[in-house]
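Thanks, everyone. Let me put the chain on the screen, and then I'll walk through it element by element.

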Amino acid sequence: MVGEIIYSPQFLSELDLLAKVLYQQKYFSFIEDVDAYIDKIYDFIESNIDYPISKNSPESFQKFGKKYLRYKANNQTFWYIFFDQKEGKFLINYILNNHSQDFPELL
């Protein structure tokens, strides 16, 4: 990992909500599987935040961050992770997926 990664309260809240939904809606039968799914998102961020795979955020999403990463969780789900970067620090602001009503703007 290069630089410092800081996760905003909003991002952390979104992942907490995601974990609850995944378990309560029976996307995963075991809480350990939910935790592993969430951990993979964190691992992806930490492994890829400094690589040139990030893209500039569309105008309407810049309130969440100037750049974003796209993470393929499985064949049906892509996660869009919005962040800002300054002087070797990365502030992870927001996350949404392709099932969101906002998704088409990211294509």
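One cut-off before we start: buried means under 20% relative accessible area, exposed means over 50%, and partly exposed is in between, with a 1.4 Å probe and protein chains only. This is a predicted model, so local features need pLDDT of at least 70, side-chain atom pairs count only at pLDDT 80 or more, and totals for chains, interfaces and linings use all residues. Residues are numbered from 1 along each chain as its sequence is written, and side-chain values use heavy atoms, with hydrogens and water left out.

Start with Asn93. At 11% relative accessibility, Asn93 counts as buried. Asn93 lies in strand β5. Strands here are DSSP runs of E, at least two residues; helices are runs of H or I, at least four; both are numbered from the N terminus.

What does Asn93 touch, leaving out residues up to four places away in sequence? The list is Ser8, Gln10, Phe11, Phe64, Gly65, Phe82, Phe83 and Asp84. Contact means heavy atoms within 4.5 Å.

Two polar contacts involve the Asn93 side chain. A polar contact is a pair of N or O atoms within 3.5 Å; within protein, one must be able to donate a hydrogen and the other to accept it, and residues adjacent in sequence count only if both atoms are side-chain atoms. A polar atom of the Asn93 side chain lies 2.7 Å from the backbone oxygen of Phe64. The side chain of Asp84 meets that of Asn93 at 3.0 Å.

Now Asp84 itself. Asp84 sits in strand β4. Its relative accessibility is 28%, so Asp84 counts as partly exposed. Beyond four places in sequence, Asp84 touches Gly65, Lys66, Lys89, Phe90, Leu91 and Asn93. Ile6 is 78 residues away from Asp84 in sequence, yet the C-alpha to C-alpha distance is 10.0 Å.

Next, the sheet. Strands of a sheet pair through backbone hydrogen bonds, either parallel or antiparallel. The criterion for pairing is at least two DSSP bridges between two strands.

β3, residues 67-72, pairs with β4 in the antiparallel sense over 6 bridges. Tyr68 has Phe82 in β4 as its bridge partner. Arg70 stands opposite Tyr80, also in β4. β3 and β4 form a hairpin, with 5 residues between them. β2 and β3 also run antiparallel, joined by 2 bridges. There, Asn56 has Lys67 in β3 as its bridge partner.

On to α1. Helix α1 covers residues 9-24, which is 16 residues. From first C-alpha to last, α1 reaches 22 Å, close to the 22 Å expected at 1.5 Å a residue. That expected span is 1.5 Å times one less than the number of residues.

Which residues of α1 are buried? They are Phe11, Leu15, Leu18, Ala19 and Leu22. They cover an arc of only 100° around the axis, which puts them on the same side of α1. The arc is taken from the directions from the helix axis to the C-beta atoms. These buried residues pack against β1 (4-7), α2 (31-48), β4 (78-86) and β5 (89-97). The face turned away from the buried side carries the exposed residues Pro9, Lys20 and Gln24.

Just after α1, Lys26 takes a positive phi of about 65°. Tyr27 is in the loop between α1 and α2. Buried or exposed? Tyr27 counts as exposed, at 59% relative accessibility. Outside four places in sequence, Tyr27 touches Val21 and Leu22.

Last stop, Asn48 in helix α2. Asn48 is buried, with a relative accessible area of 18%. The Asn48 side chain reaches the backbone oxygen of Phe44 at 2.9 Å. Leaving aside neighbours within four places in sequence, Asn48 is in contact with Ile53 and Leu69.

That's the tour. Questions, please.
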